[in-house]
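Subject: Structure for your files

Dear colleague,

Here is the structure I said I would pass on. My notes on it follow below.

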Amino acid sequence: MTPNFELCRNSEVLEQYYALREKCFRQELKIPSFDGSEEQRDRDSSILIMRDGDQCIGGARIAPSTELAWDLTGLAIDTDTCCMWERFVIDPSKRTVHSFREFCSQLVSTSRDIGYNNALVLSSLRNARFYRQFHSALGVEFRILGQAPEAASPTFKGLEHYLSVSTLRQVERARVAA
């Protein structure tokens with residue numbers, strides 16, 4: 001299988017993504033009341049979809065703002081060029097190391113193409129380490145900053161939350177002419 005990736009606005013494909021994230025979050029995160037249907041934040045964001053033919057097999061929301069209860073001033077991150085990667089899911093029957101690596105690569109390149117320099121991620125420590133491994137293979141810096149339970153939305157309270165940052169563009173150092 002060679003999946004296709006796209007920023008999606010097709011309502012039928014987006015409905016497949018919303019249903020997939022609801023199913024996975026209910027089963028895997030053990031949130032039986034999770035409602036995966038479209039949210040205002042979805043409409044304000046870009047949704048990267050992974051497809052196999054007409055079937056959505058994965059997706060993630062690239063949100064244009066960083067609505068976190070976390071002080072970002074010490075990170076030297078310009079919040080105007082920083083996004084949040086949210087609601088990341090791959091169908092368990094299609095989830096492989098290869099598909100995950102491809103999705104991470106597309107997430108990085110698509111976010112760069114949109115114009116973002118950094119991406120923030122809230123996840124479990126296990127997933128943060130997994131993301132870091134794939135970013136390292138891509139040559140992209142990914143730092144796990146620390147626990148951030150206060151950054152979780154009410155839906156995800158009680159789950160482990162670590163804040164991480166992906167440096168999508170390396171800042172070029174100024175060169176002094178001789």
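**The surroundings of D42**

The side chains of D42 and R21 are joined by a polar contact of 2.6 Å. Please keep in mind that this is a predicted model. D42 belongs to helix α2, which covers residues 40-43. A polar atom of the D42 side chain also lies 2.8 Å from the backbone nitrogen of E39.

Is D42 buried or exposed? Its relative accessibility is 1%, and the limit for buried is under 20%, so D42 counts as buried. If neighbours within four places in sequence are left aside, the residues in contact with D42 are Y18, R21, S37, I47 and R61.

**The sheet**

Seven strands make up an open sheet in the order β1-β2-β3-β4-β5-β7-β6, and the pairing is mixed. β1 (4-7) and β6 (141-147) are the edge strands, each pairing on one side only. From one strand to the next, the twist averages 25 degrees.

- β1 and β2 are antiparallel, with four bridges between them. L7 has L48 in β2 as its bridge partner.
- β2 and β3 also run antiparallel, joined by seven bridges. Here I49 is opposite G59 in β3.
- β3 (residues 55-63) and β4 (residues 82-90) are antiparallel and joined by five bridges. G59 stands opposite V89 in β4.

How many of the seven residues of β2 are buried? Six are, so β2 is largely enclosed by the rest of the structure.

**The helices on the sheet**

Helix α3 (residues 97-114) packs on the sheet and touches β1, β2 (46-52), β3 and β4. The direction of α3 makes about 155 degrees with that of β4.

Helix α4 (residues 125-138) lies across β4, β5 (118-123), β6 and β7 (162-167). Relative to β6, α4 runs at about 165 degrees.

Regards

Key. Residues are numbered from 1 along each chain as its sequence is written. This is a predicted model: local features need pLDDT of at least 70, side-chain atom pairs count only at pLDDT 80 or more; totals for chains, interfaces and linings use all residues. Side-chain values use heavy atoms; hydrogens and water are left out. Two strands pair if DSSP finds at least two bridges between them. Helices (H or I, at least four residues) and strands (E, at least two) are DSSP runs, numbered from the N terminus. Axes are lines fitted to C-alpha atoms, for helices over the stretch in contact, and angles run from 0 to 180 degrees between N-to-C directions. Contact means heavy atoms within 4.5 Å. Buried means under 20% relative accessible area, exposed over 50%, partly exposed in between (1.4 Å probe, protein chains only). A polar contact is a pair of N or O atoms within 3.5 Å; within protein, one must be able to donate a hydrogen and the other to accept it, and residues adjacent in sequence count only if both atoms are side-chain atoms.
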